[in-house]
Amino acid sequence: MLLAALWITGLLAYQLPGPGWLRYLLVGLWVVFAVTGAIGVARARGGRWPGMLYGVALVLSGIWWLLLTPRQDRVWADDVAQRLKVVQVDGSRVVLDNVRDFTWRSETDYDARWVRREYNLDQLRSADLILSYWMGPMIAHTLISFGFDDGRYLVFSLEIRKERGESFSALGGFFRKFEMTLVASEETDIVRTRTNARGEDVYLYRLHGMTQAQLKALFVSYLGEARKLDAAPAFYNTLTSNCTTIVYELAKQIAPGLPMDYRLLASGYFAEYARDLGVLTPGVPFETLKARGRITDRARASNENDDFSQVIRRDVPGTGQGSVP
């Protein structure tokens, strides 16, 4: 009864329409009923009615839950306003629309730009794991950056699709509060905004041992996810459909035997998971990989005339970018 009450409380808190005061009032009334009803049942003094009402509330909440459907037509925040579109895949030639290329001066001051980009998958040369810490050591946002022979990089990031004026809530992510979107972006946008505009702490690790065929397969897996979300919206889920679990699900298509691990949920430790799988630069202690992979200060010190992607990779093991001057 208490677990059911807790779930219904979250559903009411994040899905009830109307003004905040009314939502809080209704949630408060439900909590009072739930607690007193559970106490009455526990003491065998409440008769059958609390259990019956609990059952009715649970059934109605379940129906409400099933009727919640994701949408594409909300008033979205600027940074997720467009959906990534796979325009063409012709052999190794890939054309993408709505690649994000914003210039960020702060979280609220930016130049919005969505561009078309063309890539040759035969020129794929690397994949980097990027972890951006915004909520302590246990939680990080996970991104994958693909590098090409011509020096360009493209970053994929699964994110909540915020409505204008909305902010992220990890708890809300359990209750179908947010749709999700796959963002493809230039590093000067999606990495720099996290280090410079948002003040997050960001780490970069070179993924080691991937063949050209595996790099292509992982990249194409992201394209498949983009097509799915473009065709039909889906809800973000803090536990099962988040920025880290999508990396795991896509990687499983290449290596089906990948083990489940608590670090898929405690995403701040995902780099250690990758280390244990043997996919980080070999022969370097993890403490060194982490220390040299911290790109925050280099990103903040860069300017518009720098090659941002080269600057953040200086001294990162496995990237071949040399040491920090």
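Contact here means heavy atoms within 4.5 Å. This is a predicted model, in which local features need pLDDT of at least 70, side-chain atom pairs count only at pLDDT 80 or more, and totals for chains, interfaces and linings use all residues. Residues are numbered from 1 along each chain as its sequence is written, and side-chain values use heavy atoms, with hydrogens and water left out.

**The whole chain**

Start with everything shown. The C-alpha trace spans about 75 × 40 × 40 Å along its principal axes. Colour by secondary structure to see 11 helices and 10 strands; these are DSSP runs numbered from the N terminus, with helices being H or I of at least four residues and strands E of at least two. Of the 325 residues, 46% count as buried. Buried means under 20% relative accessible area, exposed over 50%, and partly exposed in between, using a 1.4 Å probe and protein chains only. Among contacts with a separation of 6 or more, 64% are between residues 24 or more positions apart.

**Ser157 and Thr181**

Select Ser157, which sits in strand 8. Ser157 is buried, with a relative accessible area of 0%. Show what surrounds it: beyond the residues up to four places away in sequence, Ser157 touches His141, Leu143, Thr181, Leu182, Val183 and Ile190. Draw a C-alpha to C-alpha distance from Ser157 to Leu182 and it reads 5.8 Å, although the two are 25 residues apart in sequence. The side chain of Ser157 also makes a polar contact of 2.9 Å with that of Glu159. A polar contact is a pair of N or O atoms within 3.5 Å; within protein, one must be able to donate a hydrogen and the other to accept it, and residues adjacent in sequence count only if both atoms are side-chain atoms.

Thr181 is buried, at 4% relative accessible area.

**The nonpolar cores**

A nonpolar core is a set of buried Ala, Val, Leu, Ile, Met, Phe, Trp, Tyr and Cys residues joined through side-chain atoms within 4.5 Å. Select Leu96, Phe146, Leu154, Phe156, Tyr205, Phe219 and Tyr222: of the 49 residues in the largest core, these touch the most other members. Helix 6 gives the largest share of this core, 7 residues. Centre on Leu154 and look for its contacts, among them Leu96, Phe146 and Phe219. For the second, separate core of 13 residues, select Ile130, Ile295, Ala299 and Ile312, which are included in it.

**Helix 7**

Now select residues 243–252, which form helix 7; 7 of its 10 residues are buried, so it is largely enclosed by the rest of the structure. The buried ones are Cys243, Thr244, Thr245, Ile246, Val247, Tyr248 and Leu250. Their cover includes strand 7 (140–148), strand 8 (153–161), helix 6 (212–231) and helix 8 (270–276). At the start of helix 7, look at Asn242: a side-chain oxygen comes to within 2.9 Å of the backbone nitrogen of Thr244.

**Two positive phi angles**

Most residues other than glycine have a negative phi. Select Asn98, in strand 2 (residues 93–100), where phi is positive, about 65°. Asn98 is buried, with a relative accessible area of 14%.

End at Asp315, in the segment after helix 11 (308–313). Asp315 has a positive phi of about 75° and is partly exposed, with a relative accessible area of 25%.
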